[in-house]
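Below are a few notes to read alongside the structure.

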Amino acid sequence: MPPATATATRYTLVYPKARPEQPPMAVRFTVAPDDAKGAWTVERQPYGAAGRMLTGDQPRHYYGDEAQARAEAAYRGLVVREVLHVGQLLDLELEPRDVRFRDGLPTIDGMDAGQWLDALGTG
């Protein structure tokens, strides 16, 4: 049986604005195949005002038989950590189990996690 074709998953979490005049901050996460040999890369890249790229984490590279599974688990861990951080900034008591993944994208209560946080942060 040939291996399944793997594609990149990208998710951008925009921080809710504390004040209307405050420029938005966002963090983009990517998990993607790196080469034809089965390597995978996970990246976390923060963005500040006007889309200016901020210093991000070094990409994480995964190799070997379980590279895709390990990379996807690392991606989910990074996204969950960021969602919990935003929730903490909004004085929400979220737990890791509150964040579920549907097709690689995080959800809370069945809604996109970023939109859910934004609704509570501005509501």
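1. Arg97 is exposed, with a relative accessible area of 59%. Its salt-bridge partner is Glu95, with N and O 3.4 Å apart, and Glu95 is partly exposed at 38%. Please keep in mind that this is a predicted model.

2. The search of the whole structure gives two salt bridges. The other pair to look at is Arg44 with Glu82, whose closest N and O atoms are 3.0 Å apart. This pair links distant parts of the chain, as Arg44 belongs to strand E3 (residues 40-47) and Glu82 to helix H1 (residues 67-89), 38 residues apart.

3. Seven of the eight residues of E3 are buried, so the strand is largely enclosed by the rest of the structure.

4. On one side, E3 runs antiparallel to strand E2 (residues 26-33), and eight bridges join them. Pro33 has Trp40 as its bridge partner in E3. The two strands form a hairpin with six residues between them, and Gly38 in the turn has a positive phi of about 100°.

5. E3 also pairs with strand E4 (residues 60-62), again antiparallel, through three bridges. Here Trp40 is bridged to Tyr62 of E4, so do check Trp40 when you view both pairings.

Note on methods:
Residues numbered from 1 in each chain as written. Predicted model: local features only at pLDDT ≥ 70, side-chain atom pairs only at ≥ 80, totals over all residues. Heavy atoms only, no water. Salt bridge = Lys/Arg side-chain N within 4 Å of Asp/Glu carboxyl O. Helix = DSSP H or I, 4+ residues; strand = E, 2+ residues; numbered from the N terminus. Buried < 20%, exposed > 50% of the residue type's maximum accessible area, 1.4 Å probe, protein only. Pairing = 2+ DSSP bridges.
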